[in-house]
Amino acid sequence: MVAALSGSHLFSDVDQASDFFRRGATGFSTTPDPSRLDGLELLTEGWRVTPVELASVQSTFFDDPVRFPPGSAIPDCGLLMRNVPATWKSLPSMAVRPAGDPTTSSRR
């Protein structure tokens with residue numbers, strides 16, 4: 001029996017939440033070069049998540065009021081993966097333009 005996912009405003013059940021994250025198991029992060037992001041993909045054939053109750057959540061990124069006004073980035077639910085054989089696959093770097101780059105502005 002799968003534990004219930006309670007309190008989520010985004011997902012109707014744990015299967016829907018799990019499928020969302022399984023399909024989005026690719027991520028990109030900043031590098032010392034502001035014009036490039038490094039990518040990783042989580043690969044596993046044993047994708048299993050269990051809902052957990054969040055007692056407290058802290059993030060130096062999302063708790064920064066310069067990036068996110070207070071109350072604008074709140075956790076929706078907690079999911080835990082345990083004892084899942086996984087491999088991280090390196091992805092090709094992604095070229096990006098820094099914020100404020102005039103070549104990214106819309107033309108009028």
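Me: A nonpolar patch joins side chains of Val, Leu, Ile, Met, Phe, Trp or Tyr within 5 Å, taken from residues with over 30% relative accessible area and no salt bridge. Which residues make the patch of about 280 Å²?
Reply: Val52, Leu54, Val57 and Leu80 make this patch. The areas come from the Shrake-Rupley method with a 1.4 Å probe, and for residues only the protein chains shown count as cover. The model is predicted: local features need pLDDT of at least 70, side-chain atom pairs count only at pLDDT 80 or more, and totals for chains, interfaces and linings use all residues. Side-chain values use heavy atoms, with hydrogens and water left out, and residues are numbered from 1 along each chain as its sequence is written.

Me: Why is Leu80 called partly exposed?
Reply: Leu80 has 31% relative accessibility. Buried means under 20%, exposed means over 50%, and partly exposed is in between. So Leu80 counts as partly exposed. Leu80 lies in strand β4, a strand being a DSSP run of E with at least two residues.

Me: What makes Asp19 and Arg22 a salt bridge?
Reply: Their side chains come to 2.4 Å, N to O. The rule asks for a side-chain nitrogen of Lys or Arg within 4 Å of a carboxyl oxygen of Asp or Glu, so the pair qualifies. Both residues lie in helix α1 (residues 14-23), three residues apart, about one turn. A helix is a DSSP run of H or I with at least four residues.

Me: Why is Arg36 with Asp38 called a salt bridge?
Reply: The closest N and O atoms are 3.8 Å apart. The limit is 4 Å, so this pair counts. Asp64 also pairs with Arg67, at 3.5 Å. Shared partners join Asp19, Arg22 and Arg23 into one network. The rule gives four salt bridges.

Me: What makes the space of about 260 Å³ a pocket?
Reply: A pocket is an open set of 1 Å grid points where a 1.4 Å probe fits, with protein on both sides within 12 Å along at least five of seven lines. The volume of about 260 Å³ belongs to the largest pocket. Its lining has 15 residues, with Phe21, Cys77, Gly78, Leu79 and Leu80 nearest the centre. Lining residues have an atom within 4 Å of a point. Strand β4 (residues 78-80) gives the most to this lining, with three residues.

Methods
Points joined across faces, edges and corners; volume = space filled by probe spheres on them. Patch = residues over 30% accessible without salt bridge, like charges linked within 9 Å, V, L, I, M, F, W, Y side chains within 5 Å. Buried < 20%, exposed > 50% of the residue type's maximum accessible area, 1.4 Å probe, protein only.
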